[in-house]
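Hello,

Here is the structure I promised to pass on to you. Please have a look at it first, and then read on for what turned up.

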Amino acid sequence: FGARGSRGRNLVAEARLLPGEGIAMSHRERSRPAPGVRSRSASVKKKFSSPARGSASTAPGSSPEDPRSASPSPGRAPSRAPSGKRRRASRSASASPPSRPPPTFAHRRTSGEVWRCKKGKRSDIKPPDWNKFCYASREEVLDRPIEYTDQTVPIPRVKRSEITPEWFYENYASKSRPIIVEDALSDWPAMQRWSIDALEERFRHVPFKVAKDDKGKKLRMKFKYYADYIRRQQDDSPLYLFETNMDDNAAIRPLMDDYEVPDLFPNDYFALINQDSRPPFRWFCIGPRRSGTTVHTDPLGTAAWNAVTSGCKHWVLFEPKEQRKIVKGKDVIRKGEDDEAIMYFDFILPRIKRAHPELRVYEGLQKAGDVIFVPGDWWHGVLNREDCVAVTQNYCGPDNFDLVWSRTRKEREKVAYLWYRNMKRFAPKLYHRAVELNRKDGFRMRHERGPGEKLSSCSSSSSESSSDSSSDEAADLDFRGVESVTRGELLGSAAFRLQGDSTWARARTGRSPAGWALRKRRRGV
């Protein structure tokens, strides 16, 4: 009876201490069963006291039940050296920072919304793996100072109060040189209205675009959930808000009242195309810390300006002559590594500098109130060191028209045709320059080619919503940015008002369908 009772107590102890090596200790501490009676705990003890797969072997002379026997005693060599694979795994585990517990969001639906957008944006990894490299615990990557050398040079900086638009154009825009202009946004209401808290109050229930799926579909999230995500996210490369529909979306359009295009950038020749047909050119952006963009060039050779209202951005730029393979680090990225912006600035960019000492690298920090000018065809990438709110626009002006026209006529055929036709109608000087470039290169526009003749390099981009039959009237165009090339033409709202006045005048005289209806009403028909 005593043996059976002991056995029963042993089974209870086993049931309570099944996992891990704690069972070995419980076996040692409990009372032994009576002689001649085999206890089930003996077999359980044998099963659970053996080392787990992949663990270190028991040191010679130590008890297999002693949990300290997994590591050799001081001064004693282990009985079996771990393999190289185990050593590498051990080093990487010790070097990696401790992972944080998953964030707890304020809104109960935030987690589901974030999961949906993550899953749609990157189908190659699972949403929980967005923080597998634990960059949220490695703040030194964001705080790392820029070391300027003969290879790494600073992006030029100047205060807005010390320059004029003419000086900027002559010394930087016309020469395709990047520059950061400090204190350029002091008169923008956005400097106060675009904090995360203020934006959440204004656009709480408005969906914004935070990603695209594999098919190009926009993934949107209500701003209250995105603000909740920004404040608590721990992702290595967080979701980046890029909103392009500032003109078309009535709920978002008030953002355009909070800023104006800096007077350093007065030209925008693409304004000769109606808003529905011109390529995307304006973005409202919110980048959480650790987010960013990998190294790229902007489409069609357009130049860009980027204005930050809050936060800090780390920029890297390369001259247009540099090879794509080199600046993107294709020759130094190792198998299994990712190339998100945080990884690029952490270890890929230093490798590029070591592998190509002759490469000229431009780096600089853009802070709140600063505007950066990125010339056309310059390679550039960005890492958001802090939560950043910004607006950016691409443009075509006298400094880059030749390049942009040459690219557009090949890559966006329909857009080029509309642009060409409107240049002829509203901007003759610009039209003659385009004709001259076509003649110089032996290029023929689509209406000048024979039936079935196509350009082998032309793009069939889905953004080309225009057609040959569409026609732009003066009221369809935005006069801002084309005043210098239009010959006193009234465009935009001024043309619309004039058009409305002339329509009413024609209606009163009966020389239009509206006039016929007016005459019928007068006659009582």
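Searching the whole structure gives 24 aromatic pairs, where rings of Phe, Tyr and Trp (its six-membered ring) pair if their centres lie within 6.5 Å, and planes under 30 degrees apart count as stacked, over 60 as edge-to-face and the rest as tilted. Tryptophan 405 and tryptophan 419 form an edge-to-face pair, because their ring centres are 5.6 Å apart and their planes stand at 65 degrees. Since tryptophan 405 lies in helix 13 and tryptophan 419 in helix 14, the pair ties together parts that are 14 residues apart in sequence. Helices (H or I, at least four residues) and strands (E, at least two) are DSSP runs, numbered from the N terminus. Tryptophan 405 and tryptophan 419 are both buried (under 20% relative accessible area, with exposed over 50% and partly exposed in between; 1.4 Å probe, protein chains only).

A word on the source: this is a predicted model, in which local features need pLDDT of at least 70 and side-chain atom pairs count only at pLDDT 80 or more, while totals for chains, interfaces and linings use all residues. Residues are numbered from 1 along each chain as its sequence is written, and side-chain values use heavy atoms, leaving out hydrogens and water.

Helices 13 (401–411) and 14 (413–426) are also among what covers the buried residues of helix 15. Those buried residues are Pro428, Leu430, Tyr431, Ala434, Val435, Leu437 and Asn438. After helix 15 comes glycine 442, with a positive phi near 65 degrees.

Strand 2 runs parallel to strand 3 (residues 179–182), joined by 3 bridges, and lysine 159 stands opposite glutamate 182 in strand 3.

Finally, what surrounds phenylalanine 345? This residue belongs to helix 12 (residues 341–355) and is buried, with a relative accessible area of 9%. Leaving aside residues up to four places away in sequence, phenylalanine 345 touches Arg144, His314, Trp315, Val316, Pro350, Gly381, Val382 and Leu383 (contact means heavy atoms within 4.5 Å). Arginine 144 is 201 residues from phenylalanine 345 in sequence, but their C-alpha atoms are 9.9 Å apart in space.

Best wishes

Definitions and conventions. Pairing = 2+ DSSP bridges.
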